[in-house]
Amino acid sequence: MIGGVFRSVEISDKKVSENYFARHDFVNGNPKRILFWAEFPLPDQRYLLGNEDGTLWVWDMRDNKFSPVPACGQIVPQSGNIYRIIFSHQDQHYWAVGSAGCYRISKELCITDFYGTGDIVDEQHRIPFSDLRDLYEDPEGIFWLATNGEGLLRWDRTNNDFQSITIQDGLPSNTIYCILPDEFGNLWVSTDNGLMRFNQETRFVNVFSVKDGIAHNEFNRVASFKGKDGRMYFGGVDGLTAFHPRDFETDLSAEQIPLQVTGYYQFLAKKNKLTDLTPELLASGNIALRPGDKFFRLEFALLDYRQPANHYKYQIEGFDGEWAYLREPLLRISGLPYGKYTLHVAGQGYSGVWSKKELAIPIHVIRPMYLSWWAFCLYGLAILSFLNFVRTYQIRKLRETADMLRLREIDALKTKLYTNITHEFRTPLTVISGMAEEIEKQPAKAKELILRNTGNLLRLVNQMLDLSKIDSGKMQVQWELGNVISFLQYLSDNFYSNAETRRIKLTFWPEVKSLEMDYDREKMQQIIYNLLSNALKFTPKGGKVVFNVNEVAGTTNTSGTNGDNEHFLQIKIWNSGTGISAEHIKNIFNRFYQVDDTHTRTGEGTGIGLALTKELVELMGGRISVKSEPGEGAEFTVYLPIRKSSARSLDLPLGTKPELATKGEDIEQMSSISKTDLSENYVPPLALLIEDNADVAIYIRTCLQNLYTVIWAENGQLGIEKALETVPDIIISDVMMPEKDGYEVTQFLKNDERTSHIPIILLTAKTDVDSRIRGLEQGADVYLAKPFQKKELMVRLEKLIELRRKLQIRYAGGKSFKFHQAPIQKGALVVGKEAQIEDAFLKKVNEIIEEHLADANFEIPQLCKVLHMSQSQLYRKVKALTGQSIVAYVRSYRLYKGRELLQTSGMNVSEVAYTVGFNDPFYFSRMFSEEFGEPPVQSLK
């Protein structure tokens, strides 16, 4: 079709299947005339047609019948003209393009795919532009799409790769109408601003306008045709343009067109300005840049007198091996490093051929004096002199500061020691000072705890004194001859109860029944106590500890010599657990070193136990080592030489047996609350105690047992789980605990809407300002330092419970149904961020009730499901905030809403009752009277 001519066809079918991709318009029962822009011949005298509203038809000329082309799947119909239909030999499908996008039609004449833009297509069927005018498939199966306003689009369907060629690439216009290929690898493209020849390989563009002989610069849609002889026809707004592409083939003489320098300007540092050096360049043929000459500008021209060249390229040999392309005959070069290069410049003539007569100009960037070889020699001498001066100064400074560094290291060790020691002292002191006040009420338990913690303090002091004696050389070994196996059996027996409490299996495994040797009873006790205590401390519940004893021969002794004729007592203590990494093993016996010094470490310690153990083992002529792999536990091995030279014998081990940590059963055996002084209806608040030290837990529970119901969690993670499960009224937590410390516990619970209302008291031996501030920043309500007074703890608890009551007043009497009331009085706890959290929670509860207000079957289980909370969690949360049960709260909300409707809506009592979820109006009236002290009729509008 030339000149934009299209067919007009009468459609007579009044009914079309809903699966057809077509639309039909009928006016007063008469069919509407439909205009076809695109046609493609089919076998058997049929044609595939595309009309002006995006519908595809099959026209059978034999009976002059039109049939719409159906869609194979869920293809959304798109309106718009269809301009071109082709058959793809690559995928054996028909393709149609138009102003809405691109259609793919099978040989069976069924639309299989639609390609376009926007949300109507998925990513697999998305193309950059959808307003298309023409489509051409080259021999390689590449699609070339003519777009309306977006240039020429190359579509490689194999890789789904799109390339857009626009005005910036040399096109005369971005509005393209038709595409025809020639036999020379070019595409002839009509636009609204001339006709162009586009080389598919080089991407070179030749533009032809009216001055070159075409009928008009503006062409028409679908107005193109290629004859059998290769002659091309393009229809425009002012006639028809016809030509044969062979008449425009390249003139080989264009390769010999010379490129000439027309101007050269260089910035000269000595003149500080841009200077015209064209004569000098033409005379010498090379460019010289001295230090300080910032740049130069080169102008040139290709001597093609038919039409000026419109493409140039340049390359700097020795600096950049790639060609760079230019749109104008002007080149500006700056920033070249010193050295020698060659500048190559080439031009492309009107015919699209690059001229072989390119420019080749040598460039010499002269090295500055400060980069010459003799300058570098001076630099080297200066650097050597400076380094010699610096080295001399450093040696002097090192000598001057060596003592200072030593003092700093000693101070750091002392600080770390004092920090650990004071923390270890505070825990037993807390128990001792607290239980001293309880000695009249529970004399037996108080005495037991005081004595045990006094022993712990004494042990810490003795360890410090022993280290001091070892350092001063005053520690002596008191050798005694005796059966060491029975003594070790005795020591291990004292750890069984502690192991059972922790649910750890402790096994004493002697491979010899009896062994007489010299040993120091006190030092042996300290060694075994430290090793077994550590093993139990770092073994998880359900784990194992094995205490193995054996006699071995020929083990390397501490001096490094091999004692083949000497026998040794071998003690191995192995425990399951996380183990020790290689980076920590090398420091495990250093003083004050702790593998885990965080707030969440398992157990407590000063970092001197293993150091003292190693010193005592070596003092007795032995050796200690450790083996461990992460995740496989740890094994400590002690070798002590077996000697029998002592005249003093020992029949039975005497002295004080090692005191171990408190049994967990002690806490469970204590009565959690005594109600002798309380009323029968009194329900004590529920307090959650999170503390890993059993003695401290017993003491605090003793303090609270008459006024609170106390539950205990042994670490931070278990504390979080119990808090979420029980939703207590108050939480008392230590800071340094296993798994999660007190800061993490506070932060988690204060940011969870199920527990955000619960007051939290933090207990810790860390009394510095930074630790207090950190605890308060995490949301703690009170920060108490150990040791604390019972009275202070009780007053803090009483005040926090009082503030919870003020929180209930804030939401009492229906105030929780509105959130515009003024904050509670100054000094109260529930202000600021916390009040906002609780307001938001109740507001969410109210919104859910409001959403199901008329549903009488919407009950508490459904409300819990929507809130993702258990019934017990929701009950305790709402009870803590409002003082009401959740059932009473929901009923009150419905009643308040009912009173509002009675006052504003004009509905009667029965209508309001059903509206707010009451099935029985009489029950509604009775509950209304109980809530407001008057019948509902008094609230009618």
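Helix α10 (residues 694-704) has eleven of its eleven residues buried, so the helix is largely enclosed by the rest of the structure. The buried residues are A694, D695, V696, A697, I698, Y699, I700, R701, T702, C703 and L704. Buried means under 20% relative accessible area, exposed means over 50%, and partly exposed lies in between (1.4 Å probe, protein chains only). Helices (H or I, at least four residues) and strands (E, at least two) are DSSP runs, numbered from the N terminus.

This is a predicted model: local features need pLDDT of at least 70, side-chain atom pairs count only at pLDDT 80 or more, and totals for chains, interfaces and linings use all residues. Residues are numbered from 1 along each chain as its sequence is written, and side-chain values use heavy atoms, with hydrogens and water left out.

**Another helix residue**

S771 sits in helix α13 (residues 769-777). S771 is buried, at 10% relative accessible area. S771 and Y743 are 28 residues apart in sequence. Their C-alpha atoms are 9.7 Å apart in space.

**Salt bridges**

Side chains of opposite charge can pair when their charged atoms come close. A salt bridge here is a side-chain nitrogen of Lys or Arg within 4 Å of a carboxyl oxygen of Asp or Glu. The structure holds 19 salt bridges.

| Pair | N to O distance | Relative accessible area |
|---|---|---|
| E137 and R157 | 3.2 Å | E137: 14%, buried |
| R297 and E299 | 3.4 Å | R297: 26%, partly exposed; E299: 22%, partly exposed |
| E400 and K397 | 3.8 Å | E400: 48%, partly exposed; K397: 32%, partly exposed |

What does the E137 and R157 pair tie together? E137 lies in strand β12 (residues 132-137), and R157 lies in the loop between β14 (152-156) and β15 (161-165), so the bridge joins parts that are 20 residues apart in sequence.

An α-helix has 3.6 residues a turn, so residues three or four places apart point the same way.

**Strand β30 and its partners**

Strand β30 (residues 339-348) is mostly covered, with seven of its ten residues buried. Two strands pair if DSSP finds at least two bridges between them. Strand β27 (residues 311-317) pairs with β30 in the antiparallel sense, over seven bridges. Within this pairing, Q315 stands opposite H344 in β30. Strand β31 (residues 359-365) also pairs with β30, antiparallel and over seven bridges. G339 has V365 in β31 as its bridge partner. Strands of a sheet pair through backbone hydrogen bonds, either parallel or antiparallel.

**A three-stranded open sheet**

Which order do the strands of the open sheet follow? The order is β20-β21-β22, with antiparallel pairing. The edge strands are β20 (219-226) and β22 (239-243), and each pairs on one side only. The twist averages 20° from one strand to the next. For such angles, axes are lines fitted to C-alpha atoms, for helices over the stretch in contact, and angles run from 0 to 180 degrees between N-to-C directions. β20 and strand β21 (residues 232-236) pair over four bridges in the antiparallel sense. F225 has Y233 in β21 as its bridge partner.
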